[in-house]
Amino acid sequence: MKHLLNLLAAIALLVWGTHLVRTGILRVFGANLRQVLSRSISNRFNAALSGLGVTALVQSSTATALIVSSFVGQGLIALPLALAVMLGADIGTSLMAVVFSFDLSWLSPLFIFTGVVLFISRQSTNLGRFGRVLIGLGLMLLALRLVTDSTTVLTSNVAVKALLGTLSSDLLLEITVGAVLSLVSYSSLAIVLLTATLAASSVIPPDVALGLVLGANLGSGLLAVLTTARSAIEVRQVPMGNLVFKLLGVAAAAPFVGLWLRHVSPYLGEAATMVVLFHLMFNLAVGLAFIGWTQVVARWVEKLLPRPIKGAGGGRPHHLDPTALSTPSLAISCAAREALHQADVVESMLIGVLQVMRYNDLRLAEDLRKMDDTVDELYSAIKYYLTKISREALGEEESRRWTDIISFTINMEQIGDIIERVLIDIEDKKIKPGRNFSEAGMAEICELHQRLLDNLRLGMSVFLNGNVRDAKKLLEEKARFRDLERAYANTHLGRLSDNTMQSIETSSLHIDLISDLKRINSHICSIAYPILDSAGALVPNRLRHSAFSDSLSR
């Protein structure tokens with residue numbers, strides 16, 4: 001019993017080490033991995049090579065599948081190229097299995113010691129996160145050694161020998177068991193390495209080992225499909241296409257397992273080498289056979305999982321992909337895109353306000369007020385999504401971006417609330433009593449409204465690009481808008497003194513309206529502060545550069 005527990009603990013340690021390496025690499029290189037994938041996917045062969053390289057580093061084709069699926073969901077790459085990336089990703093993880101099949105146990109204490117020192121001393125930095133990767137590698141190598149030792153003791157037991165002697169080859173059962181083990185362990189790499197170790201220790205016969213390897217490959221495809229099951233259709237298409245490749249590959253390879261054992265295995269030496277090379281050759285063959293089929297399989301998948309027709313109900317979150325949460329840099333990007341979606345809704349509300357004022361459209365006013373509920377829902381969704389991103393996994397720049405997104409969405413939510421109150425005032429004080437602004441007053445409101453709309457669009461650009469020059473320009477607009485609001489308030493008072501009837505009737509609404517527009521503008525201009533602060537362009541209560549400060553005072 002003790003030796004069985006030792007074996008189970010070693011298997012668990014192997015799975016945990018794989019998890020540490022995968023998450024550590026994604027945290028250190030997440031943004032760079034995204035750039036490598038997005039820039040190198042020019043054709044299907046380059047896409048396959050980039051998938052191979054990224055997966056060899058991450059040691060998980062499932063992790064690569066989730067990243068690429070998010071790209072497809074955001075419309076950054078086409079589905080056929082994403083499927084080519086996955087063919088390369090499967091080759092990458094099989095290459096890592098070959099590397100780990102060598103006896104590298106002597107590196108285990110070195111990796112663990114160095115990794116612990118780095119992680120404890122620099123925990124919140126990339127160096128500390130790289131230490132986490134080293135710890136994972138060391139644990140994987142240690143676990144493989146422990147699996148070998150435990151199985152050696154177990155197989156010397158008379159009862160275990162008798163049990164192993166009853167095993168008979170059932171390829172379908174072996175494939176099923178291998179797939180289930182991959183799903184449970186969340187790592188086909190760990191299962192292939194475990195299978196190779198068990199085969200080398202004669203715990204399982206070679207034919208059973210090859211069946212488990214085929215099942216592990218199938219299981220990794222199923223894992224990605226299940227992980228993305230609740231995501232958008234565009235995100236689910238990549239894992240489904242990759243699963244189609246694996247199903248076809250396993251179906252084609254299964255009849256040739258016996259031929260491999262008879263004609264190839266004798267030349268490969270140890271059983272462990274035979275297992276990992278079979279894994280590599282299987283994925284190489286699938287990649288070469290199907291690299292030209294990516295367009296065809298993409299069409300199959302699009303028929304199986306058709307994209308929904310986008311209607312008018314665009315208020316639901318489009319970009320908050322839960323599968324991206326394991327890659328913090330990718331999740332930050334998703335949240336930023338959703339924040340811009342929220343700003344688009346606010347922009348539609350702001351445009352509609354002028355239409356309500358001009359044409360006294362009560363139906364439009366009601367629709368715009370309902371849109372504020374959408375803005376609130378998007379704010380809540382983005383905030384909740386951001387709270388699920390591990391702050392410890394974020395670098396300094398990503399952590400600052402996290403804060404910027406929260407600030408931006410708060411401002412958009414507050415702008416939406418102000419617009420809703422403005423619409424209620426317009427209904428109660430203008431439309432229902434049948435009043436109208438004076439011609440001069442309406443012209444002033446239109447001028448402020450157009451400036452506000454331009455500033456909102458500039459603010460969205462500043463949030464997206466972080467351009468310091470645009471941020472300064474946006475902050476300049478705050479002072480200009482304030483001066484314009486004061487000037488128009490004075491001209492309105494002048495019209496009141498001239499006893500202009502329309503100005504008298506709408507005086508309260510006019511003054512409140514331009515004041516509300518100024519408050520909206522203040523929320524928009526506050527988008528510039530984090531950008532200028534991070535660029536060192538601000539000191540307390542004023543801009544650093546005197547020339548720019550002078551321009552504000554004018």
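Reader: Which residues do ring pairs link into a cluster?

Author: This is a predicted model, in which local features need pLDDT of at least 70 and side-chain atom pairs count only at pLDDT 80 or more, while totals for chains, interfaces and linings use all residues. Residues are numbered from 1 along each chain as its sequence is written, and side-chain values use heavy atoms, with hydrogens and water left out. Rings of Phe, Tyr and Trp (its six-membered ring) pair if their centres lie within 6.5 Å, and planes under 30 degrees apart count as stacked, over 60 as edge-to-face and the rest as tilted. The cluster linked by such pairs consists of Phe-245, Phe-290, Trp-293 and Trp-300.

Reader: What is the angle between the planes of Phe-245 and Phe-290?

Author: The structure holds 5 aromatic pairs. In the tilted pair of Phe-245 and Phe-290, the rings are 5.5 Å apart centre to centre, and the angle between the planes is 35°.

Reader: How many residues apart in sequence are the parts that this pair ties together?

Author: Helices here are DSSP runs (H or I, at least four residues), numbered from the N terminus. Phe-245 belongs to helix H11 (residues 233–253) and Phe-290 to helix H13 (residues 271–290), so the parts tied together are apart in sequence by 45 residues.

Reader: Are Phe-245 and Phe-290 buried or exposed?

Author: Relative accessible area decides this, with buried meaning under 20%, exposed over 50% and partly exposed in between (1.4 Å probe, protein chains only). By that rule, both Phe-245 and Phe-290 are buried.

Reader: Which class of pair do the rings of Trp-260 and Phe-278 form, and which helices hold these residues?

Author: The ring centres lie 5.3 Å apart and the planes meet at 70°, so the pair is edge-to-face. The two residues are 18 residues apart in sequence, and Trp-260 lies in helix H12 (residues 257–264) and Phe-278 in helix H13.

Reader: What percentage of the protein do buried residues make up?

Author: The protein has 23 helices and 2 strands, a strand being a DSSP run (E) of at least two residues. Of its 554 residues, the buried ones make up 52%.
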